[in-house]
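Biologist: I have a model open and want to learn how to read it. Can we go feature by feature?

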Amino acid sequence: MWKAFTETITWQLDGTDKKYLKCQAKECLQLKTEGLNTFKPKLSDVFVPLELSGNLFPDSQGRLTPPVLQGFNWRRNLTQNEDRQKDLSIWYILRKAQQNPLYRSLVIISKGGYGKTTLVRHITYIYTTNNLYEQKAYNAPKLLPVLLYLRKWQDLIADEKAPDLPTLIEKHHLPSLAGGDSLKLPPNWAKNHLDDGTMLVMLDGFDEVKEEWQKSVSEWISQQLKKYSNSFFILTSRPAGYHQYQGENKPQTPLFVKPLNEDLQNRFIEKWYLSWEGHISQELDPNEAQRKAAHLSQQLKPIENEINPLSDFATIPLLLNMIVNLDANYPQEKLPSRRTDLFLSIVRLQLGNRPLAKQVEMPLEPGESQQVLQQLALLMMEENQTKIEPDLRLENLTNYLACIDESVSAINFLKKIEEVSELLVKIDDQYEFAHKNFQEYLAAAEIKRTKQEQILYANYQEQWWQDTILLYAAQLKNPTDFIRYLLNLNTNSATQLAYQCFRETTRQLDPEVEVKVKLKSLSTAVKNALYQKIEQLLKNQQFKDADYETYRVMIETVGKEEGESFDTKDFDTFPCDDLRTLDQLWVKYSKGKFGFSAQKKIYMDELGGTRDYNKEIWDKFCDRIGWRKGRWYVNYSDLIFELQDSTPVGHLPLIGGSGWWIGGGCWTWFLSLTQRLVNCNISPHASQRQK
């Protein structure tokens, strides 16, 4: 049956569509997101399916809120299905989009390095190789994939005379593909596919669009979404970049890339080492590949009651790929336990050991090459560019090289860096760093080397600079002065950034006694600033806003982005002091009626609940605190956000409006949270004593 179906599809794709697919497929055959592999495995050999979550959605003001506030009951089945499957795959969404057009415009959001680009490349690969129909796991609608990198087309799209989507595809995208310039198209080829709803358009990297062009580009995207509403669209972006989206017709369903769980990590490592062994040996030895994979996986396992930074790194695809590369190239050496050291090790591998292995003489010593790249990276950050124009690039490189070795030409330096190190990747006549994280890391290293902190102070509010600031703070031996400067700016954005810098540095540093004292004092200052807004809202009895602010602070504390939801593991290591402070604030300003400890007292102490889910106890608990009325769990909008005599004890907080989840999945994180309260020895009486 499947063979017959495949033959039917192949027959249908004969002609223009089939030729186009061959052109598009060539771009997506290899894993090259990071550009840092000492060999280039096929994407299909090492790809592991990224899990998505989609619990919160944008309201009319663009703030991410629970769907119940908008009455989106049609999302109930989607979310409940996620509970059962434990993940939300892109193929599931595409299948649902066949029946429900609201799923046809998606935005996939994650921090840098989480695999957004790799995901859309994988989708493109599957659609261009007939694998979609050969494997029942995908079972998605037949669509023609178009993968557009926004950083490549942003200047064209931002222009007042920007082409519409069909013209961009036919006159610009297709000719840029290998073999695409010779493909003859029938009239209105792209437009007909878009009108018929048979095209999947993937717009990758909205966060990489220049800030001055983001408004124009987002408006252009919104126009295409509205004009071709029958077709399927996927936009990808970092969270901070997507906050700058200004088009009225935004993608309707936000999805977040979830960190890699332990199973997916192990699968990636096994696949990677199988490809590696096939690369370095004439005869593939699966046993040797499995041995190496198992040895690395063991080092990445979480350690009970201890911090293992490698476990955190391994949840991020970019960092996991870096770890495997390092492990393969330095099998006897200890892996870095700091994120900045991980970047530094990879840079040194690419600039030093890799040229030696290839027996290629580089024009400069590794440290000198890195310094030149740092200067180039900082220039590109200041120019707000992921690419740099040839004339500006050569002029500046010539100046950088003249300070080290005048005999080295900029053209020769670029050629060697591109061909051997792959830290820079050439696209047409322009160069970009293999991943934006490397541009940010090298720029941060240059700011540290040249002591130019004022650049960061001047740009602390710009989302373009956020990761560079974090990577800079992480490289400081004593970050206290830098973080205190941010705190003293006394703005919400500076306070949040100071908190992120604090988390980035303190969990990596092993400071001297003097620095430890300063960090302890700094910790108090950071937390006071962080919780100031929550306290003011609670003091003013603005409980609904305080609930959302509590959610926002807590979701960032567990390393997630605003708009994501909690899961069972998020509270296992939640800082006790932070949780205690939040509970004390809620208890104090509700006169003991609200707070996590009040909820825990009812659920565990009075009803006998445990971390293991028990529906009968859960329902009784929800009845007691007003999260259920009769047989039905209440909607978030029906909660009582006023301190009245009739307001049930423990009614709030619900952290971020997860009330729509009360019956379907709220318990998954709530039980973990209450167990954390026990482990941290947090109770209503303790909170009242310390208030």
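The talk below goes from the whole chain to single residues.

Modeller: This is a predicted model: local features need pLDDT of at least 70, side-chain atom pairs count only at pLDDT 80 or more, and totals for chains, interfaces and linings use all residues. Residues are numbered from 1 along each chain as its sequence is written, and side-chain values use heavy atoms, without hydrogens and water.

Biologist: How many helices and strands does the protein chain have?

Modeller: Helices (H or I, at least four residues) and strands (E, at least two) are DSSP runs, numbered from the N terminus. Here the protein chain has 33 helices and 12 strands.

Biologist: What percentage of the residues is buried?

Modeller: Buried means under 20% relative accessible area, exposed over 50%, partly exposed in between (1.4 Å probe, protein chains only). Of the 691 residues in the protein chain, 57% are buried.

Biologist: Is glutamate 395 buried or exposed?

Modeller: Glutamate 395 has a relative accessible area of 52%, so the residue counts as exposed. Glutamate 395 sits in helix α19 (residues 390–402).

Biologist: Where is aspartate 263?

Modeller: Aspartate 263 lies in helix α13 (residues 262–280). Its relative accessibility is 46%, so aspartate 263 is partly exposed. Aspartate 263 and valine 48 are 215 residues apart in sequence, and their C-alpha atoms are 10.0 Å apart in space.

Biologist: What share of contacts joins residues 24 or more positions apart?

Modeller: Contact means heavy atoms within 4.5 Å. Among contacts in the protein chain with a separation of 6 or more, 71% join residues 24 or more positions apart.
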